[in-house]
Amino acid sequence: MRATDPGPETAAMSSFVLQLGSLFRSERHRLLRRVRHVVRCRTEAEDLVQEVFVNLLRGEDRLSVGSPRNYLARAATNAALDHLRRQQVREAVLDHGRCAASVAAPQPGAEAIVQSRQELAILHRAIDGLPVKCRVVFLLSREHGLTMREIAGRLGISEKTVEKHLLKAMTRLRAALRAAGRDI
């Protein structure tokens, strides 16, 4: 092979970059709307959507899935939720730093700590297993403290649908704990 001949890897990469560019042009606005509903900030949404595509280009994620549109929607939603989690942690750290006095609380025993960690792991698996819309609604409610009205407004769904998603999530989480032999 001559030095000027592109190898099969180069041709495959060029094809991937072209496909990714086409996908970026066709899906970018849809993903921006989706992410903006969650993070409520246009510039943050733009950064997060760009990050999803950059991760694909770097090879951190791949489009070797059945539906690239659905994959991108899921990746963008996850990026938005991760962003909100990080923001919540930053705010909690700042709030904690501003707290003038802290009250000493009794420390739980080792057994209680282990049990709590096990239950938390069960709940995390159950949350990950929820349908996407149900999981987003649940996390916006429980992790971010949004009201049903705020969630409905962000996601463009009715408050009744938000209520149904929350009920479904809570029912599945309780069932997961019961299946693991935990009393609720």
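Rings of Phe, Tyr and Trp (for Trp, its six-membered ring) pair up if their centres lie within 6.5 Å, and planes under 30 degrees apart make the pair stacked, over 60 edge-to-face, and the rest tilted. With that rule, a search of the whole structure turns up 1 aromatic pair. The centres of the Phe24 and Phe53 rings sit 4.9 Å apart with the planes at 85°, so this one is edge-to-face. Phe24 belongs to helix α1 (residues 8–39) and Phe53 to helix α2 (residues 42–58), so the pair ties together parts that are 29 residues apart in sequence.

A word on what you're looking at: this is a predicted model, in which local features need pLDDT of at least 70 and side-chain atom pairs count only at pLDDT 80 or more, while totals for chains, interfaces and linings use all residues. Residues are numbered from 1 along each chain as its sequence is written, and side-chain values use heavy atoms, with hydrogens and water left out.

How covered are the two rings' residues? Take buried as under 20% relative accessible area, exposed as over 50%, and partly exposed as in between (1.4 Å probe, protein chains only). Phe53 is buried at 5%, whereas Phe24 is partly exposed at 32%. Across the 184 residues of the protein chain, 28% count as buried.

Now step back to the fold. The protein chain has 7 helices and 0 strands, counting DSSP runs numbered from the N terminus (helices are H or I, at least four residues; strands are E, at least two). Of the contacts (heavy atoms within 4.5 Å) between residues at least 6 apart in sequence, 62% join residues at least 24 apart.

Between α1 and α2 there is a loop, and Arg40 lies in it. Most residues other than glycine have a negative phi. Arg40 has a positive one, near 60°.

Helix α1 turns up again at the largest pocket, where α1, α5 (132–142) and α6 (148–155) are the elements giving two or more residues to the lining. A pocket here is an open set of points on a 1 Å grid over the protein atoms alone, where a 1.4 Å probe fits, with protein on both sides within 12 Å along at least five of seven lines; lining residues have an atom within 4 Å of a point. The largest pocket holds about 160 Å³, a volume being the space filled by probe spheres set on the points, which are joined across faces, edges and corners. Its lining includes Arg34, His37, Val38, Thr77 and Lys133.
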